[in-house]
Amino acid sequence: MVLTHAGELLFKATQKSLDTLDDAVEKIHRQSTTSPIFVVSCEPTLAMRWLLPKLGAFYRLHPEISMDVRMAGGPIDLLAEGCDVAIRRSDFGVPDDYRITPFVEELAGPVCTEAYAQSIAQDWNKGVRFHSRTRPAAWRDWIARQGREVPEEHDAVRDDRYFDHFFYTLQAAQSGLGMAIGSYPVIETDLEQGLLVAPWGVEPTCYCYQVLSLDKPTPDSRVIQLENWLLSLFKAKKDASTN
């Protein structure tokens, strides 16, 4: 026995509908507060260079939480993506029904290796600049904050390098090939380990890093625990710097 042509069409349509329903049920289970999986979407560079190295401390505090870290950036539909929370830079609008918890102010400045800084006599205008297509205005924004303006013709002859993603610019800088605009807390671990230095300092931008979640009448306790942990990390660092 074989299906008729009409039966094949009906089978395919039914299969798609059942797959969609199955996906929706799975998302409901994942976003339930009783789900064993806590899904966190995080900007890739922040996740790889800062969050993942620190997750061990979070797991020691909350061994009952199993976190699924998904790397993505920019605006997010938490329900459609099946995520409980998102960790994002505050450079885009957020829906009114989202809970927003800022946990650290962003600081930014040029970073490179100590050896590279010495090779250009710590004159940032002599170094090779790395640009990211995901943050194309990073260098211009930083230069503007210095009260300086780089002539267009000077930019045109520079031996600069361009990369698809912010992460690659930091990796190239860490390899001693030039300078990238690094943002704190993304570069925190690199600075602490001496992999990168910020010879010209880092300064506040107009952005921060924040946790986004659905604004529910009864917040998910796991969201609160993540928020409190992130806030405590930077409170402890701030307290230490003032003592």
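Biologist: Which residues have the most contacts inside the largest nonpolar core?

Modeller: In soluble globular proteins, nonpolar side chains tend to be buried together. In this predicted model, the largest nonpolar core holds 47 residues. Phe38, Ile87, Phe103, Met179, Leu226 and Leu230 have the most contacts inside it. Helix 2 gives the largest share of this core, namely six residues. Another core, of eight residues, lies apart from it, and Leu78, Cys83, Ala86 and Leu212 are among its members.

Biologist: What does Ile87 touch, not counting residues up to four places away in sequence?

Modeller: The partners of Ile87, with that exclusion, are Val40, Ser41, Cys42, Glu43, Leu46, Leu51, Phe103, Gln210, Val211 and Leu230. For the protein, among contacts between residues at least 6 apart in sequence, 80% join residues at least 24 apart.

Biologist: Which residues form a nonpolar patch on the surface?

Modeller: Met48, Leu52 and Met71 form such a patch, and together they have about 240 Å² of accessible area. Leu52 is located in helix 2, which spans residues 44-61.

Biologist: Why does Leu52 count as partly exposed?

Modeller: The class follows from relative accessible area: partly exposed lies between the buried limit, under 20%, and the exposed limit, over 50%. Leu52 counts as partly exposed because its relative accessibility is 37%.

Biologist: How many helices and strands are there in the protein, and what share of its residues count as buried?

Modeller: The protein contains nine helices and eight strands. Of its 243 residues, 40% count as buried. The protein exposes about 13,400 Å², of which carbon and sulfur atoms supply 56%.

Methods
Residues are numbered from 1 along each chain as its sequence is written. This is a predicted model: local features need pLDDT of at least 70, side-chain atom pairs count only at pLDDT 80 or more; totals for chains, interfaces and linings use all residues. Side-chain values use heavy atoms; hydrogens and water are left out. Patches are made of residues with over 30% relative accessible area and no salt bridge: like charges are joined within 9 Å, nonpolar side chains (Val, Leu, Ile, Met, Phe, Trp, Tyr) within 5 Å. Accessible areas come from the Shrake-Rupley method with a 1.4 Å probe; for residues, only the protein chains shown count as cover. A salt bridge is a side-chain nitrogen of Lys or Arg within 4 Å of a carboxyl oxygen of Asp or Glu. Helices (H or I, at least four residues) and strands (E, at least two) are DSSP runs, numbered from the N terminus. Buried means under 20% relative accessible area, exposed over 50%, partly exposed in between (1.4 Å probe, protein chains only). Contact means heavy atoms within 4.5 Å. A nonpolar core is a set of buried Ala, Val, Leu, Ile, Met, Phe, Trp, Tyr and Cys residues joined through side-chain atoms within 4.5 Å.
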